[in-house]
Amino acid sequence: MTNPPTSPDPVVTEIVRNGVIAITEEMKSNLMRTAYNMIIYEALDFTVGLFTEKGETISIGLGLPMFIRGMAETIKAKLEHYGSENIHPGDILLTNDAYITGSHLNHLTFSMPIYEDDELIGFACCMAHWPDIGGTLDGITTDIYSEGLQIPIVKYQREGVVNEEIVDIIRANVRLPDRAMGDLRAQLTAIATGERRYLELVKRYGRKQVADAISDIMDQSERAARARTLSIPDGVYEAESYMDDDGVSISNRIPIRVKVIVEGDEMTVDLSDVAEQVRGFYNSGITTGHACSQVAFKCITSPTDYPINDGSFRNLKAIVPPGRVISAVKPAPMRWWMTFPMTIVDTVFKALTPAIPERTIAGHHADLVIGLLNGINPKNNEFYIAFIGPTGGGWGAKHNEDGVSATVCINDGDTHNSPAEQLEAKYPFLIENYALREDSGGAGEYRGGLGCENTVQARADFMLNAQVERMHCKPWGLNGGREAMGNSVVLRAGGNWKEDYPNAKLLTARINAGDAFAFRSGGGGGFGDPKRRPAEIVADDVRQGYVSVGSAKSDYGVVCDVKGNLDKVATKKLRTP
Amino acid sequence: MATNINDVSTIRLAADIGGTFTDVAAFNPKNGELNFGKTLSTPASLIDGIATGVAKAGTSFPEAEIFLHGSTVAINTMLERTGAKTALLITEGFRDIYEIGRVNRPDAYNLFFQKHQPLVERALRFEINERLYAEGEVYKPLDEERVHQICAFIREEGIEAVAILLLHCYANPAHELRVKEIVEEELPSAFVSTSHELSREYREFERCSTVVANAYIGPKVQNYIDGIKTRLQADGFDGSFLVVQSTGGLYDAEQAQRQCVRMLESGPAAGVIGTQALCEAIEIRNAIAFDMGGTTAKAGVIHDGEALTTGSALIGGYERALPVQIAMMDIFEVGTGGGSIARIADEGGLRVGPESAGSEPGPACYGQGGTFPTVTDANVYLGRLSPDRFLGGEMTLDVDAASEAINEKVAMPLNMETADAAQGILSIAVTSMSHAVKAVTTERGLNASDFAMVAYGGAGPLHACSVAREMGIGTVIIPRSPGHFSAFGMLFSDLRYDYVRSRFTRLADADFSDLEDVYIGLEAEGYREIEKASTATERILVSRGADMRYVGQEHSVTVDLPSHLFASEDRAGIKERFDEVHNLRYGTCAPQERSEIVSLRVTVTGMLEKPLLKSIVSGEEKPPKRAHTGTKPVQFGSDMLKTDTWDRTQLLAKNFIIGPALIEEHASTTVLHPGDTLTVDDFGNLNINIGGDAL
């Protein structure tokens, strides 16, 4: 071999690739471990990242998968707002503008410009969920103004000096100012870590070498994305689904229609026919419309490639006209922004199934199945805000394997539930059960995963607010697989369960001591004809209690007893067409 | 058998069983002599390998007064899923928490993600009617009849082990104890394990996973230890048989047969204990224990003379991990080892690991049919490993095969020179390993450059100087026999019992007499265990700590608390300690915020008599001629440098070597880079000073 080495150096590229992943992981662990609120450290409701001086994504440390675009768009907006010439070393830029982040006001987004020798070379950024940002606690909001404090793009810190007036404004507008300041400090720690480590990398390998390596990483990601898109047959693929309602016009279904166009090595996700923005707080901003496309696209074309960077999306075009439920404009209410986008992502998989059934997945429960609770803790007479969940539900089956049970929805990633022992030690709750729901997974040659039931009894009165979707539009099966059970929320008062609600949305339900509520998360859809599932496996599902004797017979055509003893003759009879 | 010489038995034996090799260290306190025996592990009957190793180390069981043992049997049983048929008895309503877990999905965009697989299938998980409140008071009394019914059922299922997990048992173990009593009475031959005996810390899923793991591996570990005991007795050994725990501390073989899950990581932990002992001998307070083998590199930390431990670990890869909530050495692992494969990824980038060529077929240079280039191949190609002196010449390495693999799989596709490709593979491996070192230092608020690095394992000495340079570490120490270091480390372990008890209380409201009672109770348990142990201790040390957090946080940090802070009810002093630890670890603290105690921790250590390291023969600064085995060309960066090779066994204390140089011994080679200098210390360790910016 006598050819000159290629430029940039592939070894430096790989070292930088490992380096930026390690940096965003360290930012993440610093944030998680210093954060005050459980939503950050248990639910991982945050994202950290490194960006180029133009705001392109170099590496994202998740956090939530759906935050794939929020920070990059926020940095771009900040750059546009100030002009890079008016951003200086020691500045920290802040906003929670929901129409920029695409999400809700709880997402405070801090960005720190990174300078080497007075030249702007990138940004370290951290978006994290604060449990409270003011606004009404009760009821469904119908505009952004009732959702809390809006912070336009501001400089939290100018050339190293904190703007204490902004701190005062925040403290005056949130219910738990000390906690909020704790989270704020954690976010600053995370971005400072990002800045310091990125500078170390630049110092070690040279500014130009690192920049070249990053553009090389993005080019590699682009090549991979193009190759994997090329393997999808050309065509126009469409699918639809719907949301239960917007919480205001009860039972008024909200249509979700997506169109995917594959042409050579390029893909277009057209969301023009998604429903228009709604009155209730289920809207999200245009950034999330783009995030929906990118999440679906990444799952199909580069699911396990890291770092998450903008190169992977150069061959993806998203058509997201303003004013849709995922591209809402001011003053649309945004508080529960995260629910609808998940169903859009699932609907994209459904659309692509005829083209690439071996790479898609049946519908999942597609909701956080989470509840916000507040009340007075009799132990210390203090007001508390707590949350139950994410409950975890079923995921769809695939062409070659069963769906996974009891796992967070696609909005969430490495998100953890809270131990019952932790919740009960902290709050006046008694968790009565946390169990898999028999028969909740869609039947199929490959069975959908199971959802869960989580029953919470009040030891002292509290208020519950649960905004659960997809009770009616149940997780669908693919290629002959059956649909799963949907999500629901039920209440028990005076020993009697009430289950006949029109949707799974409960606004400020009062739960008295001794009463309870239960979350029931849906399962995942099945894949393929259930009659093709081997009878022995169905019988074992019955023995384990994943499938009932009745469902085994009616859905799978398998006759067995509760212990899984198979009646081969009866089964053969049922399974013979 | 020479049982009549038992009264003069003095040898301390340590045996570490790894996947490939069994290492034995034998220390004779009479003359300070330390001998090693390395032999292939004998999976069919591991004790045979130990016996061979003992003979190779020039001694025999009857000559020993103490037998220390670390083994992968526990972890392998768990990872390979070859444990007992186990049932789980659990609080009503919670049968599925073991399967539900924490519902997290780390592999965020992968639609084909997997989650952990329980060790007990759902059909064998049974609910017990009972319930406690978080405070430990009874909400629903235990339905004993139901326990009897379950026992009748599982007896028919042929269950060998039973795990018991009841909610809030950390606050009140009465129900767990009673259930255990009934099960033991009903199923006298089953291995029965309750969660509170292993962990009295909240988090039901993690504790459940811990107790199930213990029950699942229990019968096999019991038999394994019984087998060794029987053989030791038959061979005339009548000393103490102690097992290494994942903390690096020892416990009695009897206890290891009940609390099996405590020995999961005994080998790696012993290496860190060896590092600690070495540091004490040469008066270093802060060191990184760097252990690199064939498939992984591991890093542990000695900080201010103490090995850092953690309260829990995930077993079996993050995505599908089964948690174990017990004290362990805090070790971070990356998938980079000598066998790590270099390849071009789909996206076109160069990757090194985590796929490994393993020992079959092994690196291309082993000549066993491997065609993928590995880190070892890069070392061979660059001249860092001598093909004819590998494993003391027991194996000849095929340089051409290494060259061809690197050229074909990496250099040509990337349009690079073979040498640059080989160099690149090492650079990438070194930076990944430096991330492991960062994970245990900088992410804990420690500055890596304040640490020395002690490198061992077959591949550790090959890469230590590069990793140290990458991290800004100035001193590297290669101990004697780096390939036997875990066995060596065991000789320095002490009896150790770790206790934890969840106790939620705000510091401001804490009832100190209650906390004191808990501490004293835990300490008394430790004293009892040490008294019961079969070996005599020199003295007993007790240390107290508490897991603390700010009110509102979930993650807590463990704060070591001197007893006097409790005696004087010094809330401000405790708070100050907590703020300090929080600041050290996370770079922030909030002195004005309220804090709370989550769990109390006690470690009771029974100090054993330690070997005194013996000095080796001293020489001049210039090494003796017979140690110099030749010169060979070795590539460093873009330069091919004429490099001296030395036989380590011939080096004397005070010998001084300037890099570049290779120091070769039976199972490993130390690479000294240009700019580095090496001094052999009095104990025979290679003490390396990392020079400037050499490559």
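Guide: A crossing is left-handed if the near helix is turned anticlockwise from the far one by less than a right angle, and right-handed if clockwise. Helices (DSSP runs of H or I, at least four residues) and strands (runs of E, at least two) are numbered from the N terminus. The model is predicted, so local features need pLDDT of at least 70 and side-chain atom pairs count only at pLDDT 80 or more, while totals for chains, interfaces and linings use all residues. Residues are numbered from 1 along each chain as its sequence is written, and chains are lettered from A and ligands numbered from 1 in the order in which they are written.

Visitor: In which hand does α12(B) pass α13(B)?
Guide: Helix α12 (residues 418-440) and helix α13 (residues 460-471), both of chain B, pack with their axes 9 Å apart and at an angle of about 65°. Such axes are lines fitted to C-alpha atoms, for helices over the stretch in contact, and angles run from 0 to 180 degrees between N-to-C directions. The crossing of α12(B) past α13(B) is right-handed.

Visitor: How many nonpolar residues has the contact of α12(B) with α13(B)?
Guide: Two residues are in contact if their C-beta atoms, placed from the backbone, lie within 7 Å. Among the residues that make this contact are B:Leu426 and B:Val430 of α12(B), and B:His463 and B:Val467 of α13(B). Ala, Val, Leu, Ile, Met, Phe, Trp, Tyr, Cys and Pro count as nonpolar, Asp, Glu, Lys and Arg as charged, and the others, Gly among them, as polar. By these classes the contact has one charged, four polar and seven nonpolar residues.

Visitor: Which element gives the most to the side of chain A that touches chain B?
Guide: The contact between the chains takes 61 residues from chain B and 69 residues from chain A. Elements of chain A that each supply at least two residues include α6 (177-205), β14 (429-436) and α1 (10-34). With 14 residues, the element that gives the most is α1(A).

Visitor: What radius of gyration has chain A?
Guide: The C-alpha trace of chain A spans about 80 × 70 × 40 Å along its principal axes. The radius of gyration is taken over C-alpha atoms, and the globule rule is 2.2 Å times the number of residues to the power 0.38. For 577 residues a compact globule would have a value near 25 Å, and chain A agrees, with 25 Å.

Visitor: How far does α6(A) reach from its first C-alpha to its last?
Guide: The expected span of a helix is 1.5 Å times one less than its number of residues. For α6(A), which has 29 residues, 42 Å is expected, and the reach is close to that, at 42 Å.

Visitor: Which residue follows α3(A), with a positive phi?
Guide: Helix α3 (residues 70-82) of chain A has 13 residues and reaches 19 Å, close to the 18 Å expected. The phi of the residue that follows is near 80°, and that residue is A:Gly83.

Visitor: Why does B:Asp377 count as buried?
Guide: B:Asp377 lies in helix α10 (residues 375-381) of chain B, and one of the residues that B:Asp377 touches is B:Ala405. A residue is buried if 20 or more other C-beta atoms, placed from the backbone, lie within 10 Å of its own, exposed if 12 or fewer, and partly exposed in between. B:Asp377 counts as buried because its C-beta neighbours inside 10 Å number 35.

Technical notes:
Lists of a residue's contacts leave out its neighbours within four places in sequence.
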